[in-house]
Amino acid sequence: MDLSPGPGAGRPLVFEPPAAFDDHTTRLRPVGRSRPRIVAAACCVVLGVGLITGAVTGSWLTGESGAAAGDASVFAAAAEAWHSEPVDTLFPRTVEGEGAGPGDADRRWTRIAVAPDSGCATGLDPLLHKALETAGCQRLVRATYTDATHSYVTTVGMVFTEADAEAMSALRTRFEKEGLATRPDLLPRTYPVKGTIAADFGPRQRASWSVSVLSDAPVVVFAVSGFADGRPVPAPEPAAKAMAEGATSAAAQSGLGHEARGLADRIERGLRKKAAEATEDAS
């Protein structure tokens, strides 16, 4: 794939909160067993099913693969979340980040604004859009947040793709092998908001970023952070590098890597939780 940088695109365009989500069994022929043994057996079956269900849901919520990666119903629920979940569910007004800051300090982010949902061509830089084109783009949703001190601003977003589980797994592998998530020329685009502290949060203000391709959901989660005073950052760093021990860059010393990674992680967790709950409600 040709990933040479393309020309910049215009600024993106409130994510409308539409409606929320809203068995057949066969009776077995009774056999000659005592009632206590039947009750005990039934309890074991219920307990076993509960443990299996809990394990699958818990595994998916924590980002583990295994059984959850093959759960087509959860995968499908995640694919529909961009229009089946209210905006305050996908992008809560406040997000708690326990242990998300430097030295495991707690973080708390407040939402400034939500961008109208859009296609990827208008919301992603052309080069990043090209890197994701094999998965297709169903919808892009984004929001901009600030930290509790109003020192930093972070745009977090989710690209809902058209890909199946196999294609998402392949895309994730490619991003990892080729280091695409850490390339400065594949930086996510910011969402500046007029009349707020994020008014000057443009391309030159990007300091750190995170891009995560999920393999158990048709979603790419990203975040990009910068200073709230609008200062430019000549050399932005990927969150993994800015969070590394001993890092001395402006992004590292200010904790902007933690801002990007921490907020993206919490938004991703929220998506996983709602998709798992939607699957349970439908069963």
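Start by selecting Ser 151: with 32% relative accessibility, Ser 151 is classed as partly exposed (buried is under 20% relative accessible area, exposed is over 50%, and partly exposed is in between, using a 1.4 Å probe and protein chains only). What you have open is a predicted model, where local features need pLDDT of at least 70, side-chain atom pairs count only at pLDDT 80 or more, and totals for chains, interfaces and linings use all residues. Residues are numbered from 1 along each chain as its sequence is written, and side-chain values use heavy atoms, with hydrogens and water left out.

Stay with Ser 151, which sits in the loop between strand 3 and strand 4 (strands are DSSP runs of E with at least two residues, helices are runs of H or I with at least four, and both are numbered from the N terminus). Leaving aside neighbours within four places in sequence, Ser 151 is in contact with Thr 146, Phe 227 and Ala 228 (contact means heavy atoms within 4.5 Å). Show the C-alpha atoms of Ser 151 and Ala 228: they are 5.2 Å apart, although 77 residues separate them along the chain.

Now select strand 4, residues 152-160. Is this strand buried or exposed? Nine of its nine residues are buried, so strand 4 is largely enclosed by the rest of the structure. One side carries Tyr 152, Thr 154, Val 156, Met 158 and Phe 160, and the other Val 153, Thr 155, Gly 157 and Val 159.

Strand 3 runs antiparallel to strand 4 and is joined to it by eight bridges (two strands pair if DSSP finds at least two bridges between them). Here Ala 143 stands opposite Val 156. Strand 6, residues 219-227, is also antiparallel to strand 4, with nine bridges; Val 153 has Gly 226 as its bridge partner, and Met 158 has Val 221.

Zoom out to the whole sheet: it is open, with seven strands in the order 1-2-3-4-6-5-7 and mixed pairing. Its edges are strand 1 (94-97) and strand 7 (237-238), each pairing on one side only.

As a last stop, select Ser 210, Val 211, Ser 212, Arg 261 and Glu 268. Among the 13 residues lining the largest pocket, these lie nearest its centre (a pocket is an open set of points on a 1 Å grid over the protein atoms alone, where a 1.4 Å probe fits, with protein on both sides within 12 Å along at least five of seven lines; lining residues have an atom within 4 Å of a point). Strand 5, helix 7 (239-242) and helix 9 (256-282) each give two or more residues to this lining.
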